[in-house]
Amino acid sequence: MEFPEDVLTKVENRLRRVEGQVRAIRRMLEEGRDCRDIVTQLSAASHALDQAGVQLVAAGMTWCIEHPKEAEQEGMGVAEIERMFTKLA
């Protein structure tokens, strides 16, 4: 299965933002910033990663629905997509 280019672009952009957030969190720790601020940034980074996963799984589900025979052959049937969504929950 190949992901559509627009999905890959969105996920890559989101991951770049997460990288920046993680660098900022490390800097905040080094600077001794307030715990609440750090936890807020950790939560934002975690949410951004979750959203990247949701975008990928949604694209996989769409492909699965549009190409059911190929999806089953590649081990990407509906049951597998459900398992992937559960991992993100």
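This report walks through the fold, the core, a surface patch and the salt bridges of a predicted model.

## Ground rules

The model is predicted, so local features need pLDDT of at least 70 and side-chain atom pairs count only at pLDDT 80 or more, while totals for chains, interfaces and linings use all residues. Residues are numbered from 1 along each chain as its sequence is written, and side-chain values use heavy atoms, with hydrogens and water left out.

## Overall shape

The protein chain has 4 helices and 0 strands, and reading from the N terminus the order is α-α-α-α. Helices here are DSSP runs (H or I, at least four residues), strands likewise (E, at least two), numbered from the N terminus. The radius of gyration is 17 Å, well over the 12 Å that the globule rule gives for 89 residues, so the chain is more spread out than a compact globule. That radius is taken over C-alpha atoms, and the rule is 2.2 Å times the number of residues to the power 0.38. Along the principal axes, the C-alpha atoms fill a box of roughly 55 × 25 × 15 Å.

As for burial, 24% of the 89 residues count as buried. The cut-offs are under 20% relative accessible area for buried, over 50% for exposed, and partly exposed in between (1.4 Å probe, protein chains only). The accessible surface comes to about 6400 Å², with 55% of it belonging to carbon and sulfur atoms; these areas come from the Shrake-Rupley method with a 1.4 Å probe, and for residues only the protein chains shown count as cover. Of the contacts with a separation of 6 or more, 59% join residues 24 or more positions apart, a contact being heavy atoms within 4.5 Å.

In soluble globular proteins, nonpolar side chains tend to be buried together. Here the largest nonpolar core has 6 residues: Val-57, Trp-63, Cys-64, Ala-71, Met-76 and Ile-81. H2 gives the largest share of this core, 3 residues. To count as a core, buried Ala, Val, Leu, Ile, Met, Phe, Trp, Tyr and Cys residues must be joined through side-chain atoms within 4.5 Å.

Leaving aside residues up to four places away in sequence, Ile-81 touches Val-57, Gly-60, Met-61, Cys-64 and Met-76.

## Outside: a nonpolar patch

Val-54, Met-61, Ile-65 and Phe-85 make up a nonpolar patch on the surface, with about 330 Å² of accessible area together. Patch residues have over 30% relative accessible area and no salt bridge; like charges are joined within 9 Å, nonpolar side chains (Val, Leu, Ile, Met, Phe, Trp, Tyr) within 5 Å. Helix H2 (residues 35-66) supplies the largest share of the patch, 3 residues. Val-54 sits in helix H2 and is partly exposed, at 31% relative accessible area.

## Salt bridges

There are 4 salt bridges in the structure, each a side-chain nitrogen of Lys or Arg within 4 Å of a carboxyl oxygen of Asp or Glu. Arg-36 pairs with Asp-34 at 2.8 Å, N to O; Arg-36 is exposed at 63%, whereas Asp-34 is partly exposed at 32%. Glu-31 and Arg-33 also pair up, with their closest N and O atoms 4.0 Å apart. Glu-31 is exposed at 52%, while Arg-33 is partly exposed at 39%.

Over in helix H4 (residues 78-88), Arg-83 and Glu-80 are 3 residues apart, so about one helical turn separates them. Their side chains meet in a salt bridge (3.1 Å, N to O). Arg-83 is partly exposed at 48%, and Glu-80 is partly exposed at 24%.
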